[in-house]
Amino acid sequence: MKRLFTTFAAITAVLISGLAQASGELFIYNWTEYTPPELIAKFEKESGIKVSVDTYDSNETLLAKLQAGATGYDIVVPSQNFVPILINEGLIQKVGVHALSNFKNMEDRWTFPEWDSEQEYSGPWQWGTTSFSYNSELYSGTGASLKEFFEPSDELNGRLSVFQTPDEVISLANIYLGIPFCSEDAKQMKQIQDMLVTQKESVVAYNSETMSDLLASGEAIMTNHWSGYSRLGRLTGAPIVYAYPKEGVVGWYDSMVVPTSAKNVENAKKFMNFMMDPVNMAMLTENQGYGDAVKGTAAYYSDELKSAPEINPPSDLNVFFAPTCSPKAQSLIDKVWTKVMQ
Amino acid sequence: MSDWLPKSAAGRRWLGLAPSYFVIGIFMLIPMVIMGVFSFLEPNPYGGVKPIGSLAAYIKIAFEYDLEDKLVFNPGYLNIIFRSFQLSFGATLLCLIFGFPVAYYITLQPENRRNFYIYLVTIPFWTNLLIRTFAWIIILGRGGVIEAPLLATGIIDDSLRMMYSDGAIAIGLTYSYLPLMVLPIYASLEKLDFRLLDAASDLYANRFEIMTKVVIPLSKPGIIAGCILVFIPCLGAFIAPNLLGGGKKLMLGSLVQFQFASARNWPFGGALSMLLLSVVIITLIFYARAAKNRAAMEGSA
């Protein structure tokens, strides 16, 4: 019996050390359909590192997973307003992005951003806007105002789709009603709540995944949408138009960060550096159609992407980047959303 | 040889069962205890819990602090819970209506073909539930499998709007859990002594009476087991309500999921899970009692 235990212990020890030495691997946890396979293939070929990709559907899911102690991810891709939360909760680590060799390629506008002012944590992925899209064959409006989305006309009755998580919906509502982001004022939040409850009468579904399918099938005539994702829907042949309302749109900036529990930090840094090379970043932008934060990528864009309306907004468009909300403001947002969902 | 084995039979039985105690302990009891403990703590604003005791999560099920921070009765969550029960009840009833005849039909088949039919019933389990539910979007959707021919032949001229409704959720739930109804009913019908049917018929019972007075009472254990097996997962379901119902009306399952993701209120999610768990346990206790009574009655007969 003793010998059996010794053998068992030896096997366990070998397994554990094998896991610890798992060099040559990189685990990426990214949004759904946000990691082009050809880009991963290129990185694997150049670096010899084996990459695995797992996906999530919202910043909230990412936070909940990391908060629940999910380990084994080397790179995750939160939006700008979640980066400070991840830093404060001790869920991501400093990797000195500013010292990577390709950091010099970053556009000045995006270096040392307020959510990571030393650029210790985050490397660029994509940035884009959140607004709404409509099926131009079925809708008579022009998407000129957020009013069309929040106070839908009769033709949208039962044909409007809204995101499933409160984050960006409420930010857009803030812009439309002229209420500051992360408001801690109960009266203002009540105003948003009332508007969303009324809007719900026209809503067919709360959905953050298949917006373009809903528009293409005509199940919805108008949906919440992200700029680049809307372009992908349009490229499948559906008459999808991404709206630039006069009040403005929500902007977001997604960046790569390294969880504290990461096992392959050096490989994560290699990947971050790889992504700051314009050739590689252009590949990502070509696939996703949002904006990138690396100089010289446009030279590698296709003509289609260069002229895509989704990445060429009107020059006078207001883009508002939401900050991290205080716990009080966040709890008001959750209350509003739960009320709407009841 | 084997001198390390316990001497007594009880000890050996315990040792033999140890692996299953271990599995149930690790994968069922410990997570449930964690959930129970979390439900009595305070939420951390960005997910997780603070180690401060609190009953807030349970109070929240029926009361709320309104936007001005006053504690008022809030039927909102109770409505969601009630709605979940209603829908689960409906889906269970539909499963019974469709499942019983299927199980009965299979029982009437020659023995060598029964296994093949049972095998067919289990085939849906081979594919992920999410994918099967997505298929219903194509079936029920605007211009989908059902609508397209009706639209083409001019029987309807506008969409029936079947998707994103309570009806769609009920269809999705019924479809998902129908096999769980068929299998236990089949298991109890299989043991049915068909000579009893002949006897009933000899005693001038008509077909309806044979069904209601002989077949159904004798298959009751299977029917009850099937209903429990369907009702319980329906209560916690969130795939069908989200995908087919459009996530417009929260169900208990989606409400719990929302607490752990968007709302970042783990204690409240835990409290709702505990509520769900108590309902399940109470149902099972009643079932066990009824089964015991029945066994006692049969024993004394």
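Chain A has an average pLDDT of 91, and 93% of its residues score at least 70. Here pLDDT is the predictor's confidence in each residue, from 0 to 100. Over residues 1-8 of chain A the pLDDT is below 50, and this stretch has one contact in the model beyond near neighbours in sequence. Residues 13-22 of chain A also stay under 50, with one contact beyond four places in sequence. Two residues are in contact if their C-beta atoms, placed from the backbone, lie within 7 Å. Where pLDDT is low, the predicted coordinates should not be read in detail.

This is a predicted model: local features need pLDDT of at least 70, side-chain atom pairs count only at pLDDT 80 or more, and totals for chains, interfaces and linings use all residues. Residues are numbered from 1 along each chain as its sequence is written, while chains are lettered from A and ligands numbered from 1 in the order in which they are written.

Chain B averages a pLDDT of 87, with 97% of the residues at 70 or above. Among the elements of chain B, helix α7 (residues 166-190) has the highest mean pLDDT, 93. Strand β3 (residues 63-65) of chain B has the lowest, 80. Helices (H or I, at least four residues) and strands (E, at least two) are DSSP runs, numbered from the N terminus. For the complex, the predictor gives an ipTM of 0.78 and a pTM of 0.82.

Start in chain A with helix α3 (residues 59-67). Eight of the nine residues of α3(A) are buried, so this helix is largely enclosed by the rest of the structure. A residue is buried if 20 or more other C-beta atoms lie within 10 Å of its own, exposed if 12 or fewer, and partly exposed in between; the C-beta atoms are placed from the backbone. The buried residues of α3(A) are A:Asn59, A:Glu60, A:Leu62, A:Leu63, A:Ala64, A:Lys65, A:Leu66 and A:Gln67. What covers them? From chain A, the cover includes β2 (50-56), β3 (75-76), α4 (83-88), α6 (166-177) and β11 (258-259). Chain B contributes α12 (252-260) to this cover. After α3(A) comes A:Gly69, with a positive phi near 95°.

Next, a helix pair. Two packed helices are described by the angle between their axes and the distance between the axes. The axes of α7 (residues 186-200) and α13 (residues 327-341) of chain A come within 9 Å and cross at roughly 25°. Axes are lines fitted to C-alpha atoms, for helices over the stretch in contact, and angles run from 0 to 180 degrees between N-to-C directions. α7(A) and α13(A) are therefore roughly parallel to each other. Angles under 35 degrees count as roughly parallel, over 145 as roughly antiparallel, 65 to 115 as roughly perpendicular and the rest as oblique. The crossing of α7(A) past α13(A) is right-handed. A crossing is right-handed if the near helix is turned clockwise from the far one by less than a right angle, and left-handed if anticlockwise. From α7(A), the contact residues are A:Ala186, A:Met189, A:Ile192, A:Gln193, A:Leu196, A:Val197 and A:Lys200. They meet A:Leu332, A:Val336, A:Lys339 and A:Val340 in α13(A). The residues of this contact divide into eight nonpolar, one polar and two charged. Ala, Val, Leu, Ile, Met, Phe, Trp, Tyr, Cys and Pro count as nonpolar, Asp, Glu, Lys and Arg as charged, and the others, Gly among them, as polar.

Chain B has its own pair. The axes of α3(B) and α7(B) come within 6 Å and cross at roughly 40°. That makes α3(B) oblique to α7(B). This crossing, too, is right-handed. Its contact residues divide into 21 nonpolar, four polar and two charged.

Now the interface. The contact takes 32 residues from chain A and 24 residues from chain B. On the chain B side, the largest share, three residues, comes from helix α3 (residues 75-108). That side divides into 11 nonpolar, nine polar and four charged residues.

Some loop residues remain. A:Cys182 lies in the loop between α6 and α7 of chain A. Its phi is positive, near 55°, in a residue other than glycine. A:Cys182 is partly exposed, with 19 other C-beta atoms within 10 Å. B:Tyr164 sits in the loop between α6 (147-152) and α7 of chain B. B:Tyr164 also has a positive phi, about 55°, although it is not a glycine. Buried or exposed? With 28 C-beta neighbours inside 10 Å, B:Tyr164 counts as buried.
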